[in-house]
Amino acid sequence: GGDYRAVAASVCFSFGDLPKRIGDAHSMAQLHAKVDNYDRDLSNPVSRMMAALKHTKPIWRTNWGLSFCGSLHPTPDRYALNLEKRRRVFPNAAETMWDGVDGCVRRIQEHGCGQAMFVKTEYQTLRRLYRNPDYVLFTVRTHVDPLSKLQGLPRAAALLADNLRLASQIDFRKYKGIDDPRILRLLLEYLQTIQADSA
């Protein structure tokens with residue numbers, strides 16, 4: 001029971017400054033600080049799920065996001081929509097007409113959603129340890145693919161479009177990379193084209 005904290009980790013990429021995420025200083029709420037309204041909407045359900053987790057019944061879940069970068073490693077392009085963070089993480093990175101919200105819209109207009117954008121999917125598992133039941137093992141396997149991989153997969157395109165519409169109506173817009181209505185509109189038009197082409 002109680003509040004869970006990260007006490008050990010092994011990561012290959014894309015987890016930020018790991019030492020700053022380990023130990024007593026980082027509760028679950030602090031680890032999820034970038035998730036809008038985590039405290040209000042997700043903290044209690046997550047706490048209930050963690051409390052009910054049994055070593056005999058591990059669980060899995062998926063998560064998704066959109067990006068203008070196809071790399072799992074941090075690069076300046078990873079923060080194309082968040083120039084404030086990009087300047088902090090990559091202070092020497094040059095900014096071009098392809099950066100920032102307007103730059104990302106230009107990328108889509110120039111190259112199309114299928115090539116300019118990437119969908120990141122995570123397969124996550126949680127397992128309470130048998131010999132040390134106060135601890136939970138959390139694993140994440142991340143895949144990043146160009147949005148064009150959805151070509152020929154109308155059901156997947158429709159499900160992503162449904163999720164985009166839902167996320168756009170709540171506080172997850174920025175977290176999911178669809179805070180700008182132009183980007184959302186272009187995405188939905190692209191996904192609609194995939195569905196129409198397969199009809």
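User: Let us start with one residue. Is D180 buried or exposed?

Analyst: The model is predicted, so every value here is computed from it. Burial is judged by relative accessible area, and under 20% means buried. D180 has 17% relative accessibility, so D180 counts as buried.

User: Where does D180 lie?

Analyst: Look between two helices. D180 is in the loop between α6 (154-168) and α7 (181-197).

User: Which residues does D180 touch, leaving out those up to four places away in sequence?

Analyst: Such contacts show what packs against a residue from elsewhere in the chain. For D180 they are V101 and V105. Now look at polar atoms. A polar atom of the D180 side chain lies 2.9 Å from the backbone nitrogen of R182.

User: Next, the nonpolar core. Which residues of the largest one touch the most other members?

Analyst: The largest one here has 35 residues. Those touching the most other members are L66, M117, L147, L164, L187 and L191. Two or more residues come from each of α2 (38-52), β1 (59-67), α4 (100-111), α5 (113-116), β2 (118-128), α6 and α7. The largest share, 8 residues, is from α7.

User: What is L187 in contact with, beyond its neighbours within four places in sequence?

Analyst: Six names to find: L66, C113, M117, L147, L164 and I178.

User: Now the strands. How many bridges pair β1 and β2, and in what sense?

Analyst: Read a strand pair by its bridges and its direction. β1 and β2 are antiparallel, with 9 bridges. For an example, find W60, which stands opposite T125 in β2.

User: How many bridges join β2 to β3?

Analyst: There are 11, and β2 and β3 (residues 136-146) run antiparallel. Here Y123 has R141 in β3 as its bridge partner.

User: Let us finish with T121. Where does T121 lie, and what is its relative accessible area?

Analyst: T121 is in strand β2. Its relative accessible area is 33%, so T121 is partly exposed.

User: Which residues does T121 touch, not counting those up to four places away in sequence?

Analyst: T121 touches N63, W64, R141, T142 and H143. T121 and T62 are 59 residues apart in sequence, yet their C-alpha atoms are 7.1 Å apart in space.

Technical notes
Residues are numbered from 1 along each chain as its sequence is written. This is a predicted model: local features need pLDDT of at least 70, side-chain atom pairs count only at pLDDT 80 or more; totals for chains, interfaces and linings use all residues. Side-chain values use heavy atoms; hydrogens and water are left out. Helices (H or I, at least four residues) and strands (E, at least two) are DSSP runs, numbered from the N terminus. Buried means under 20% relative accessible area, exposed over 50%, partly exposed in between (1.4 Å probe, protein chains only). A polar contact is a pair of N or O atoms within 3.5 Å; within protein, one must be able to donate a hydrogen and the other to accept it, and residues adjacent in sequence count only if both atoms are side-chain atoms. Contact means heavy atoms within 4.5 Å. A nonpolar core is a set of buried Ala, Val, Leu, Ile, Met, Phe, Trp, Tyr and Cys residues joined through side-chain atoms within 4.5 Å. Two strands pair if DSSP finds at least two bridges between them.
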